[in-house]
Amino acid sequence: MKNLCKGCSESVIISNDVVDEIILGAVELGKTIVSNSIYEERLRICDRCPSLQYGTTCKHNGVFVRYHAKLAARSCPYPHDPKWREHV
């Protein structure tokens with residue numbers, strides 16, 4: 001797998017294929033992912049959020065939203081009022 005740290009990459013914008021590769025790596029490491037319906041709902045919420053930067057990144061924790069939203073044990077990092085919760 002490539003080095004996928006935004007701080008080490010050329011851009012904060014990555015392709016869907018690269019995100020899919022990151023998610024596959026998480027599954028291979030034993031991380032639990034959410035169903036496609038939960039994932040799509042999380043992404044809809046993030047797409048409407050003013051904290052989404054570059055269409056890919058959450059300004060509150062710096063993660064790639066498409067990766068973060070796929071992990072069951074993650075929640076929205078929006079301060080004081082997360083827009084979605086972990087789903088485990």
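Is tyrosine 54 buried or exposed, and what is its relative accessible area? Tyrosine 54 is exposed, with a relative accessible area of 56%, where exposed denotes over 50%, buried under 20% and partly exposed the range in between (1.4 Å probe, protein chains only). The model is predicted, so that local features need pLDDT of at least 70 and side-chain atom pairs count only at pLDDT 80 or more, whereas totals for chains, interfaces and linings use all residues. Residues are numbered from 1 along each chain as its sequence is written, and side-chain values use heavy atoms, with hydrogens and water left out.

Tyrosine 54 is placed in the loop between β1 (52–53) and β2 (57–58); helices (H or I, at least four residues) and strands (E, at least two) are DSSP runs numbered from the N terminus. Although not a glycine, tyrosine 54 has a positive phi of about 60°. A positive phi, of about 70°, is also found at histidine 80, likewise not a glycine. Histidine 80 belongs to the segment after α3 and is exposed, with a relative accessible area of 86%.

Two salt bridges are present in the structure, a salt bridge being a side-chain nitrogen of Lys or Arg within 4 Å of a carboxyl oxygen of Asp or Glu. In one of them, the side chains of arginine 66 and aspartate 20 meet at 3.2 Å, N to O. Because arginine 66 lies in helix α3 (residues 65–68) and aspartate 20 in helix α1 (residues 16–28), this pair ties together parts that are 46 residues apart in sequence. Both partners are partly exposed: arginine 66 has a relative accessible area of 22%, and aspartate 20 one of 40%.

Arginine 44 and glutamate 41 form a salt bridge in which the closest N and O atoms are 3.1 Å apart. These residues are three positions apart in helix α2 (residues 36–48) and are therefore separated by about one helical turn. Arginine 44 is partly exposed at 42% relative accessible area, as is glutamate 41 at 34%.

The largest nonpolar core contains 19 residues, of which Ile23, Tyr39, Leu43, Val65, Tyr67, Ala69 and Trp84 touch the most other members. Such a core is a set of buried Ala, Val, Leu, Ile, Met, Phe, Trp, Tyr and Cys residues joined through side-chain atoms within 4.5 Å. Two or more residues of this core come from each of α1, α2 and α3, with α1 providing the largest share, five residues. Valine 65 is in contact (heavy atoms within 4.5 Å) with Leu43, Cys46, Leu52, Thr56, Thr57 and Cys58, residues up to four places away in sequence not being counted.
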